[in-house]
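Please keep the structure open as you go.

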Amino acid sequence: MIATSSCMQAPPGRAASKVLSVVDIASPAGFDAVTWKRMLEAGTPVAFRRGMTVFRAGGPCDSLHLIERGKIKVYCAGQGREQVLGVERAGALIGEVGFFSAGVFAVSARALEDSRILKIPELLVSKLMDERPDLRAAVVQLMARRAAGMVRMVERIALNDVTGRVASYLLEFAELQPSAADGSFYLPRTHQEMANELATTRESVARALSKLTRAGSIAHSGRRFWLLQIAKLEKSANVTERRRALTRKRT
């Protein structure tokens with residue numbers, strides 16, 4: 001059974017002022033500001049306490065889910081096991097594959113902390129996509145980026161040992177996160193969250209980080225990391241020329 005909100009849903013007409021006053025939710029790439037504002041204004045905010053299910057794989061999907069605040073784990077499950085596909089934070093859209101394809105969720109999602117989701121109705125999104133071909137193109141780009149991310153995740157887990165998975169994970173985050181003046185970047189993950197995404201244990205992640213540090217490939221202080229020898233990290237992560245070319249294309 002899908003968990004319900006711990007608070008009453010706000011009327012759609014009042015949703016936008018509440019959302020925009022709490023967090024400045026930037027529009028995804030390709031979504032123009034006016035269209036994005038219309039989507040926010042039509043959304044209904046729903047609160048989820050930590051541990052509550054946001055949606056389950058196979059359940060009906062009739063709205064686009066935008067995280068207003070909090071932290072949501074997206075995962076697939078089967079035979080008593082879970083594989084974390086990502087941990088999403090404020091401003092992220094989740095469940096979009098089900099929304100734009102079969103009308104049922106392809107994955108499950110659970111709140112890792114008290115969170116609030118803005119549910120944007122299907123009818124409005126479909127209407128806007130019919131009116132704005134550029135919005136449809138932006139949605140295709142969004143889903144393509146997600147698909148590419150899934151391919152990288154499968155490669156990372158299937159082709160590497162734990163040290164290689166961690167090395168690949170750090171390389172990818174270094175590309176995505178802004179760098180500080182000293183060349184470092186912030187990794188917004190705990191060891192346990194990394195372990196969940198890399199299909200391993202927290203202890204194995206800690207050992208892999210220690211191994212990479214001893215090898216001189218990285219340095220870190222808490223969640224701030226310095227990549228000292230990129231070539232060594234790429235070797236540990238089995239980075240191929242094809243993946244380097246994809247990385248260059250994304251940047």
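1. Strand E5 (81-89) and helix H7 (191-197) each supply at least two residues to the lining of the second largest pocket. E5 gives the largest share, four residues. Helices (H or I, at least four residues) and strands (E, at least two) are DSSP runs, numbered from the N terminus. The model is predicted: local features need pLDDT of at least 70 and side-chain atom pairs pLDDT 80 or more, while totals for chains, interfaces and linings use all residues. Residues are numbered from 1 along each chain as its sequence is written, and side-chain values use heavy atoms, with hydrogens and water left out.

2. To find this pocket, look for Arg81, Glu82, Gln83, Val84, Gln192, Ala195, Asn196, Ala199 and Thr200, which line it. A pocket here is an open set of points on a 1 Å grid over the protein atoms alone, where a 1.4 Å probe fits, with protein on both sides within 12 Å along at least five of seven lines; lining residues have an atom within 4 Å of a point. The second largest pocket holds about 160 Å³ of space, a volume being the space filled by probe spheres set on the points. Its lining divides into three nonpolar, four polar and two charged residues. Ala, Val, Leu, Ile, Met, Phe, Trp, Tyr, Cys and Pro count as nonpolar, Asp, Glu, Lys and Arg as charged, and the others, Gly among them, as polar.

3. Next, helix H2 (residues 33-42) and helix H4 (residues 122-131): their axes come within 11 Å and cross at roughly 165°. That makes H2 roughly antiparallel to H4 (angles over 145 degrees count as such, and 65 to 115 as roughly perpendicular). Axes are lines fitted to C-alpha atoms, for helices over the stretch in contact, and angles run from 0 to 180 degrees between N-to-C directions. Thr35, Arg38, Met39 and Ala42 of H2 meet Leu124, Val125, Lys127, Leu128 and Glu131 of H4, where contact means heavy atoms within 4.5 Å. By class, this contact has five nonpolar, one polar and three charged residues.

4. How do H4 and H5 lie, roughly parallel or roughly perpendicular to each other? Their axes come within 5 Å and cross at roughly 115°, and the two helices are therefore roughly perpendicular. Leu128, Met129, Asp130 and Glu131 in H4 meet Pro133, Leu135, Arg136 and Val139 in H5. That contact has five nonpolar, no polar and three charged residues.

5. Lastly, helix H5 (residues 133-159) packs with helix H6 (residues 162-176) at an angle of about 150°, the axes being 8 Å apart. These two are therefore roughly antiparallel. Arg152, Arg156 and Ile157 in H5 meet Arg165, Ser168, Tyr169 and Glu172 in H6.

Terms used: Parallel < 35°, antiparallel > 145°, perpendicular 65-115°, else oblique.
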